[in-house]
Amino acid sequence: MLKISGRAQLSGHVPIGGAKNSTLAVMAACLLSSDGCRLRNVPAIDDVDSMVQILTSLGIKIKADGSTLDIDTKHIGQSYVSYDLVSQMRASFFVIGPLLARMGVARVPLPGGCAIGARPVDLHVRGLQAMGADVHIDRGVVQAYTRQPGGRLKGAKIYLDYPSVGATETLMMAATLADGETILENVAQEPEVVDLANFCRAMGAKIRGAGTKTITIDGVQRLHTTDYSIIPDRIEAGTFMIAAAITKSIITLSPVIPDHLIAVIAKLQEVGVRVIEEAPNRLRVEGNHHYRGTDIETLPYPGFPTDMQAQMMALLTLSEGNSVVKETVFENRLQHVAELCRMGANIRLKGNIAVVTGVPNLSGAPVMATDLRASAALVLAGLAAEGETQLRGLQHLDRGYDQIEQKLRNLGANLTRVSESTLEQI
Ligand code: UD1
């Protein structure tokens, strides 16, 4: 449990770590290399530990030294991932593309539902089939084979019904070692997709158009080693920008790529947050004493990110007037509403739309994190509230934030983690 003292006043600089979503995809893409790779700026989070376990279970050797990972992919021992590992984290399914491209076979269990929605993988499967793979689902396991044993996938023209981040990444990775040209249409344009493409290019892949709606990949025979640094995490940066806003404080963030945060910065400025410095690698944010409500609709990049919706809602609970928050990316990603209401927020929920009516104050309360970004939103609300907030469900927070408590403490916040065994003694 995390005890958060409210009415925090923050100041200073916060270092932003490597992007979680880039790291997970790039780690999977290491399977494409016949040598292995060195990754730098890897965040210390539980999701990275889960991906390390998955790669290790495939026979890959990994050495960690601080934020650097050496991943030796010369030999892949097996092509099957166990359900126990996949069920911990949806992104583990993303190994299916590189495994199939490199080995000609991949058997990965369906990731199943998760707290924020059903999250099917039909777009990944249909794309791989279009590239000539035999894919069927047998007792919950996606079994994918190239037509000839150990054979290669074939380049194809694939249109995605929805610009899914994971499907774009799976198919882009698979296409790097396919025979011929693959054209992916209506793809995701997220910065993490671009980072993955840059990583694959550093290994020798031929990829054009990442960051636009169409990506073209010319398959090559093999990919080689590289030494690659992951981009800064735009969602961690956005979360700390809201920490400055909600506590009416001034915080400097770096490294950060402000261009990745255009929609978030625009919405923060609309409610009255000041961005007092914007440099290519740095942002300085100043909170205000009065905020106006605004409307938010989550969309694929460059729209407002679903991964910032919960944190933004925490700020809107304290912004004057009505704000309408519409979640369009995931069908069940508003579970933090009930918890924010426990802290005194005024929010009405109808389907995927939340109407937030600003209140003058939140009050500390026991709350439960239901997913990763919900947990961040509750930490933010706790920093602003009167009194103490007790946040449970910290496994969600630990999945994706690298030392968030320490970073907030360094800015002046008062947070204490209490272990369950200590709680029992109390
Ligand atoms: C990634 C991010 C996650 C982010 C999300 C949207 C990682 C590890 N995670 O997740 O943090 O919130 O993008 O920006 O990068 N869908 C289908 N069929 C498919 C694939 C997806 O219907 O085959 C649907 C999903 O159910 C969801 C929507 O498409 O409703 C978006 O999902 P997607 O972009 O694939 O998200 P992820 O890659 O899982």
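Predicted model: local features only at pLDDT ≥ 70, side-chain atom pairs only at ≥ 80, totals over all residues.
Two strands count as paired here if DSSP finds at least two bridges between them. Strand β2 (residues 11-15) runs parallel to β14, and the two pair over 5 bridges. Within that pairing, G12 has I251 of β14 as its bridge partner. β14 also pairs with strand β16 (residues 282-286), this time in the antiparallel sense and over 4 bridges. Here T252 sits opposite R284 of β16.

Next comes a sheet with mixed pairing. Its 4 strands form an open sheet in the order β21-β22-β1-β23. The edge positions go to β21 and β23 (415-417); each has a single partner strand, so one side of each is left without a neighbour in the sheet. On average, and ignoring direction, neighbouring strands of this sheet are turned by 20 degrees against each other.

Strand β22 (residues 388-392) shows two faces: T389 and L391 lie on the covered one, while E388, Q390 and R392 lie on the uncovered one. β22 pairs with strand β1 (residues 2-5) in the antiparallel sense, over 4 bridges, and there T389 is the bridge partner of I4. β22 pairs as well with strand β21 (residues 366-368), in the parallel sense and over 3 bridges. In that pairing V367 stands opposite L391, and M368 has R392 as its bridge partner.

The axes of α12 and helix α10 (residues 309-316) come within 7 Å and cross at roughly 25 degrees. Angles under 35 degrees count as roughly parallel, and α10 and α12 are therefore roughly parallel to each other. Their crossing is right-handed. On the α10 side, the contact is made by A310, Q311 and A314, and on the α12 side by R373, A374, A376, A377, L380 and A381.

A further open sheet has 3 strands, in the order β6-β8-β7, and its pairing is antiparallel. β6 (105-109) and β7 (133-138) take the edges; each has a single partner strand, so one side of each is left without a neighbour in the sheet. Neighbouring strands in this sheet are turned by 15 degrees against each other on average, direction ignored. β7 and strand β8 (residues 141-146) pair in the antiparallel sense over 6 bridges, with Y145 of β8 as the bridge partner of D134.

Which helices pack on this sheet? One of them is helix α4 (residues 96-103), which touches β6, β7 and β8. The direction of α4 makes about 155 degrees with that of β6. Helix α5 (residues 122-130) packs on the sheet as well, touching β7 and β8. The direction of α5 makes about 145 degrees with that of β7.

Helix α5 has a helix partner of its own in α6 (residues 165-176). The axes of α5 and α6 come within 8 Å and cross at roughly 25 degrees, and that makes α5 roughly parallel to α6. The crossing of α5 and α6 is right-handed. Where the two helices meet, α5 brings L123, H124, G127 and L128, and α6 brings G166, A167, T170, L171 and A174.

Technical notes. Residues numbered from 1 in each chain as written. Heavy atoms only, no water. Buried < 20%, exposed > 50% of the residue type's maximum accessible area, 1.4 Å probe, protein only. Axes fitted to C-alpha atoms, helices over the stretch in contact; angles between N-to-C directions. Parallel < 35°, antiparallel > 145°, perpendicular 65-115°, else oblique. Left-handed = near helix turned anticlockwise from the far one by under 90°. Contact = heavy atoms within 4.5 Å.
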